[in-house]
Every structure is written in C-alpha cells, then in structure tokens.
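Please look at the sequence and the model below before reading the numbered points. They are meant as a colleague's notes, to be followed with the structure open beside them.

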Amino acid sequence: MTTRCLSFLVLAAIGCEAPNVTLPTGDGGVGAGADLALGGGGHGGGDGGTGGNGSDPLPPGVAPESGPYADFVTARAQSYCKWLTRCGVVAAAGEAGCVSAETATVTTATPPYSVDDGISAGRAMLDTTAAGACTSALDAAACSARDVDAVRSACLSIVAGSVATGLGCRGDFECASGYCANVALGCGAVCRPFATAGADCTKSLCDPATSYCDPASDKCVAKGVSGADCEAKKPCATSFVCRGLLPTIGATGSCGAVAKAGESCATSDECDKGLFCASATAKCTARIADGAQCTDSDACGAGKTCLGLAYPHGTSVGKPGSCAAFLDAGAACDPSADDAGCPADTACGKTSKTCDAVGSAGTACPTSGCRDGLYCDDNNVCQPLVAYGAGCAVDDSIHNGGCRFGTCDSQARACLTYCP
C-alpha cells in the first residue's frame, strides 16, 4: 500500500470540533474528521442521548462561525489540501472541494459548541505561534511517513485550555490538561486527568500521548518501546515505529528506531525521510529521481508516483514504470498498470481509460473511503454527513444516521445532543 493510501488517512482533519475518533475509517474518506490535534468534546464521542430524558437539545451553533479558530481552520485548509494534492491523495481538480469540506465545520456545518465559543468564554485561547507553525509544516511537508509525523507534531497543540482539573468545561480543548468528562461536545462537565498505565480505561480515558486502552484487559497500557510487540491497536511510543508490521498477511511487528539507509524493512513507513523500502532487497533505499525507471509504487520522490508500473501477474513478467507527477481527474491512464498514476480520489476506468472520480456523493463506496464530508451508508453508498439539527436516517444506526455532530434522535429524526 502506498503512502497516499495509508499515512494520509491517519491524518484526516486536524481539528477539534470532531467527535473523539482515534483513527478514521472508510466512512469518512480523506479528511474524515478524525480527532488528531486537540480532542473532540465529549468522553462519549458525540453521543448525546436520544431525547428520552425530557431535556431540550443543545441549540445549533452559529453558522458561519467567526473568531480566531475559524480563521485558523480556513488558513489551514488551504495548506492541508495543497499537501494532499501534491501527494496524490486529492486530484488537482478536487482541491477546491477539499477546502470546502475541510472548512465545513466553521462555515455551513458548525457544531453546537465550537472552539471559538470556548475562546469567547475565556476557557481556551488560540496559540497563534503554534497555529503558524502548523500551516508552515503543512506547506513544507513532503509525502513520507516521516513528513506525516512532523505535521502531526507541529499541529498537535493549537488551542490551549485554561480550565484546571475539577472545574467546569464543555469541551476537551478547554482543559489545561486531561479531558472534559462530558457525554458530548457542549454538555457541561469537569476536567479530569488522563488515566495512567494500569488504570481501568472503562472509567476514564488513557493519556493518548503515552498509553492506549487494551480491549482485552480494559486497562491503560503504556505504548511500546524498543522490542515491544506492536500492531494497529498496540502502538509504539513516540520516536519508535512498528518494524515488520504486515497486517495483510497477519504479521505483527516490533517497536524500533526509524530504519536508516541499508537497514531491513517491511514497508516504507519504517524508513527515514528520503528513503523507501525496496521490494527487491527489503532494505531502505534512496528514493528515485524524477523521470528515472522504478519498480516500486512508492519509490519516487515527493509528489511523484511510479507511473505505468505493472507487477508480475501469472504469466505476465510485468514492466517498470517511471517517476512522474500524479495525473489529474479526467486524464488518460492505463488501466492494466498497477500504478496508473491516478490520485487516490480517482480510479483508472477499465472502459474509459481515464482517471475517474470515486467516492463522491451518490456513488458506491470505494475501498479508499468516501470523500471528505461524506460517509458510507448501510447501502454502501457515499452520502453527505448531516449537519447538527438537520434530518437524519434513523434506520442507519450503524453510522449514527450520518450525523456529523450529535446523535440521530429516533423521535425528532434529527441530529441532536441532549445533555444529562
């Protein structure tokens, strides 16, 4: 799997209005709204009840939102979508749509309680220096796993909360440390400290910087250090990577240092910046120059792909490709190639022989996931996420009726949050 199909999906949207989601799924597509930077709002990840408690739901937020955080989201979206475009996640023709989707939570689909609400209440503030560093990191980033790590680090603490442990909060971002122990974003609660390793994670949240919740024991477990077993649900500590992990064949990995040139590897995500994992040698190797011949889909430099590469299949011996820029939506492509050069939000049509858009509203859900701002419904069709207060698909309980915020209330048949 290439970097554009894996590492960038881990990034998703770098923001804090989203529900508490550790990793995006196929329901969200590129920029699914995963909570990467600041913490969403509620311990329950946006579940606000079904209205049976007799209380009134939280009112809708102001749309469009105005304030320093909304301004940051707008600026960040430009840099973020340009990054996705140059790395083959989004077609150049889709960059404007990416920006629109990335800014939806401060323009047309605002939450019932926003970061700017918290800032106005004096419970949080935007760190303008950190915000600038985040957009600068996005502007400078190439396309490797190490670049993803750098952006993640630079964009981690954009909003600083001022609420002390034990005092009132309405969102995680308002807490000076720990998290807001509410049932949903906007509901009142108090800030609580993160649980430490060994604590019961069914009663409090583990510190995401140092530990994770082990579903087998329901305990917080420290992230792995050198030599520890690792997989998707057993992450390594900061500065380590999961070496040897190949989930497609059931192979787990072990935590280790980032691999240098000439060291063994299983995927390019293990290699240092400027390197890829060569399939012929299973060693980290310098990336290939533009225009040069390549035999691995992720062998090329930033913003390039191994255009025309065909791996051996059956009696076919395959053929090498050449490092070239990603194609745009609608461009001619070779459907017989394993790397047709199409961006991740398109696919090379077998009949059309062009890079055709996939994952758009009303189309079948692709394996790469629906586009940002959409979700995959029960019928395997990409549908627009539903704004807070709008009508939702009550019968689609698996996907919460498509609600962007709140819960699909079975009585009101709308996306709402009810606080205890």
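1. Lys-260 counts as partly exposed at 42% relative accessibility, where buried means under 20% relative accessible area, exposed over 50% and partly exposed in between, with a 1.4 Å probe and protein chains only. Its side chain meets that of Asp-272 in a salt bridge of 2.8 Å, N to O, a salt bridge being a side-chain nitrogen of Lys or Arg within 4 Å of a carboxyl oxygen of Asp or Glu. Lys-260 and Asp-272 are twelve residues apart, and each lies in the loop between S10 and S11. Asp-272 is partly exposed, with a relative accessible area of 24%.

2. Please keep in mind that this is a predicted model, in which local features need pLDDT of at least 70 and side-chain atom pairs count only at pLDDT 80 or more, while totals for chains, interfaces and linings use all residues. Residues are numbered from 1 along each chain as its sequence is written, and side-chain values use heavy atoms, with hydrogens and water left out.

3. For the overall picture, the protein chain has six helices and 21 strands; helices (H or I, at least four residues) and strands (E, at least two) are DSSP runs, numbered from the N terminus. Of the 420 residues in the protein chain, 47% are buried. Among the contacts in the protein chain with a separation of 6 or more, 47% are made by residues 24 or more positions apart, contact meaning heavy atoms within 4.5 Å.

4. How many salt bridges does the structure hold? There are nine salt bridges in the structure, and in general, side chains of opposite charge can pair when their charged atoms come close. One of them joins the side chains of Lys-273 and Asp-147 at 3.2 Å, N to O. Because Lys-273 lies in the loop between S10 and strand S11 (275-278) and Asp-147 in helix H6 (residues 145-154), this pair ties together parts that are 126 residues apart in sequence. Lys-273 counts as exposed at 54% relative accessibility, whereas Asp-147 is buried, with a relative accessible area of 3%.

5. Another salt bridge brings together the side chains of Lys-82 and Glu-95 (3.4 Å, N to O). Lys-82 belongs to helix H2 (residues 68-86) and Glu-95 to helix H3 (residues 95-102), so the pair ties together parts that are 13 residues apart in sequence. Lys-82 is partly exposed at a relative accessible area of 43%, while Glu-95 counts as buried at 18% relative accessibility.

6. The axes of H2 and H3 come within 9 Å and cross at roughly 140 degrees; axes are lines fitted to C-alpha atoms, for helices over the stretch in contact, and angles run from 0 to 180 degrees between N-to-C directions. H2 and H3 are therefore oblique to each other, given that angles under 35 degrees count as roughly parallel, over 145 as roughly antiparallel, 65 to 115 as roughly perpendicular and the rest as oblique. The crossing of H2 and H3 is right-handed, and the residues that make the contact include Lys-82 of H2 and Glu-95 of H3. A crossing is left-handed if the near helix is turned anticlockwise from the far one by less than a right angle, and right-handed if clockwise.

7. Is H2 roughly parallel or roughly antiparallel to helix H5? The axes of H2 and H5 (residues 128-140) come within 8 Å and cross at roughly 15 degrees, and H2 and H5 are therefore roughly parallel to each other. H2 passes H5 in a left-handed crossing, with Phe-72 and Trp-83 among the residues of H2, and Leu-138 among those of H5, that meet there.

8. Three strands form an open sheet in the order S8-S10-S9, with antiparallel pairing; two strands pair if DSSP finds at least two bridges between them. Strands S8 (229-230) and S9 (241-243) stand at the edges with a single partner strand each, so one side of each is left without a neighbour in the sheet. Two bridges join S8 to strand S10 (residues 253-256), and Asp-229 stands opposite Ser-254 in S10.

9. Strands S11 and S12 (residues 283-286) run antiparallel and are joined by four bridges, with Thr-285 in S12 as the bridge partner of Phe-276. Their hairpin has four residues between the strands, and Ala-282 takes a positive phi near 55 degrees in it.
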